[in-house]
Amino acid sequence: MMHVPRNDNIIMHDPRTSRAHAPKTTKKAKIVFRWIRKNENVCHVAQIALKANSSNFWYLDSGYSRHMMGNKSFFETLVMEEGGYVTFGDGSKKKVVGKGTISVPGLPSLSDALFVDGLKANLISISHLSDEGYSVLFSKENCSILKPDGQTLLKGMRSSDNCYCLEARIVSNNVSMDEQIELWHERLGHMNFRDLRTLGKFNCVRGLPYLGKKANGICGPCQQGKQTKSMHKKGNYLSTKEPLELLHMDLMGPMQTESLGGKKYIFVCVNDFSRFTWTYFLREKSETFDKFKMFCTKIQNEMNSNIKSIKRIRSDHGREFENAYFESYCNSLGISHEFSAPRTPQQNGVVERKNRVLQEIARVMLLSNNVPRNLWAEAVNTACYIGNRVFLRPGSRNTSYELWKGRKPNVNYFHTFGSKCYILNDRDQLGKFDAKSDEGIFIGYALNSRAYRVFNLKTRTVIESSNVVIDDTRLKSNDHEEEEVLEDDSHLERVVVTPNVGTSNDNNEVTQPITKVPLLDSNEPAPWVRRLHNKEDVIGDMNEGVRTRRQIANLISFTCYTSQIEPKKVDEALNDEFWVLAMQEELNQFKRNEVWTLVPRPKSSHVIGTKWIYRNKSDENGNIVRNKARLVAQRYSQIEGIDFEETFAPVARLKSIRFLLSISCVHKFKLHQMDVKSAFLNGFLQEEVFVEQPKGFVDSHHPNHVYRLKKALYGLKQAPRAWYERLTQFFVDNNYTRGSVDKTLFIKKTMMSFS
């Protein structure tokens, strides 16, 4: 390093913060500090180091009185003016041609910096920093520039050539603390700020400076890549003060198995104050409003006269709740209808949690005693009945029943769900020595009478009776033999009864009997037939029902002339004579409809592959009645613009079908339904399409030929559109008018009537 003395100004620095070393003396000399403002810049000092040519390195020294650099692009503002010369280490001189403010990422703004023509190093003046109130601290390995309050502004390292320098890319301790934290946050793969601060605070890694606490802010990329659902804290306080202040509602379902009464949905209502629960069982979602209207009238009459009506109800945005009927009804009664946010069931968590509890209790009761699945409605009804009487309201020591009814519930008559029971037969005319009771299964409690609900194994119906003896103390290994009949759920699936299992559980401890309908299974002999004939005289299983000769003949013909398996590959199908006949029948359809023509393989055209699909067709009893083979095109190999252009085809709207059925009911129209066999084979193709010969039916004389399609083939992307255009043309030619809204609806007027 080479220093050139200046001619005019003499500046003395603190030796503790300067790299200039004073000569050693044996006595302590008194040092006087004088700070002289520099008014003129006649001569400056330049330094040439090993890395001086790098634009990222900035050197700190006291040998020059101003910040200097030779890169014009670093200046934020620059005024071109002559201001003296700078002498370099090799003795050459360069002219100062400008003055301005330097702005570099990672460094603070450097004012009054000189632009020196030909300078290759970036120089930071310590004396200039001292004039601005900063302190410079040098150590063996690094140097730091401190603010007047002692906070670190810049921090540099000692290089291999014994120079103190800063690197713009890594130096940043306080351009802005938030900017530095953001920089390291991005460098470390968007690490969370808490762990990032811990790394710097405890020196867990090298090279990471101490990072303070980040001010409030949001990282956009982190939100896009890491955002999760908001937390919903559990409230441990009572949000309501009276029973009808708030009701939670939800619809659960559909269930995979219909109940005995043909129900598939569960309408659950929970009172927020008492957590008393009501369950109703519905066939369709559309029944929700009628059930809610009945429910509102019922509970408002049940409560005290000082509580006039329901104040608020809360549900999700399901269309069964958010509709014009609900809105009109709530407005007429002054009920405020609240909705949970979309896809946020936590905001309606009271009833959502109740749904889970009811499901779990019902599932356990069904599985514990191997009760048939189609008794799930009885299990849910019983679970709700028990839960109202034994679960305490959160935040209190009272049951839901006590808070709603005002008295403690009685549970001494409770029995195990699914237990074996004996039902007094007081409905039939019995002989002197006939059994006086029938065996059954206990499935719950009557809602409007002091009675039990039981399933009679003899009549296969659900009844309510108080003359029931329930044996729930027997071990499961000693269960009644009649349960073997229940293992076949197919019998219970056909049971049709009309018990109103949807009645609410808000009634008194006693409940009322319901209407019962005997079994309506046409295959099973009627109860009086079984009573008038001895079991020894009946050939076969009595539970199997009556089977005619025609049914047996059809079953034999289906079994003898159809294959009972579905092949996965062509080779398997070709080894089965029934599947060969099915494939031949499919190809005959192609021939009758003139779908294709065998032509030599084109050299410049794309050829689409074909594939066989095999399906077994069954009747309502599950017997295989037909083997269906379908030849389809491999649509994934089609190329847009070559093999097809337009693919859109309208589809019938369910609203139009419902509207048509409604009009037919009002005007008593006679409707006909038809099915077009191999419909897609009737659509004409506008494009030139070639397909491979089907596997197993390749022409032996022309094995390399392909088929050119005249009409659409199943699997082609344009097949639905081709069939729709053909069908539309047929209707239009026969004076039908296409609908303006639903393009699949065609109307023809004849003599002012519709056909």
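Are W596 and Y707 buried or exposed? In this predicted model, W596 is buried, and Y707 is buried as well. The rings of these two residues form a stacked aromatic pair, with 3.9 Å from centre to centre and 15° between the planes. Because W596 belongs to strand β25 (residues 596-599) and Y707 to strand β30 (residues 706-709), the pair ties together parts that lie 111 residues apart in sequence.

Both of these residues are also touched by V691, which is found in strand β29 (residues 690-691). With a relative accessibility of 0%, V691 counts as buried, because buried means under 20%. Leaving aside residues up to four places away in sequence, V691 touches W596, V607, I608, T610, V706, Y707, L709 and L713. Between V691 and A633 the C-alpha to C-alpha distance is 7.5 Å, although 58 residues separate them in sequence.

The aromatic pairs come to a count of 31. Another of them joins Y385 and F414, whose rings are tilted, at 6.1 Å centre to centre and with 45° between the planes. This pair links distant parts of the chain, since Y385 is in helix α8 (residues 376-390) and F414 is in the loop between α9 (400-405) and β18 (420-424), 29 residues apart. Y385 and F414 are both buried.

How values were computed. Residues are numbered from 1 along each chain as its sequence is written. This is a predicted model: local features need pLDDT of at least 70, side-chain atom pairs count only at pLDDT 80 or more; totals for chains, interfaces and linings use all residues. Side-chain values use heavy atoms; hydrogens and water are left out. Rings of Phe, Tyr and Trp (its six-membered ring) pair if their centres lie within 6.5 Å; planes under 30 degrees apart count as stacked, over 60 as edge-to-face and the rest as tilted. Helices (H or I, at least four residues) and strands (E, at least two) are DSSP runs, numbered from the N terminus. Buried means under 20% relative accessible area, exposed over 50%, partly exposed in between (1.4 Å probe, protein chains only). Contact means heavy atoms within 4.5 Å.
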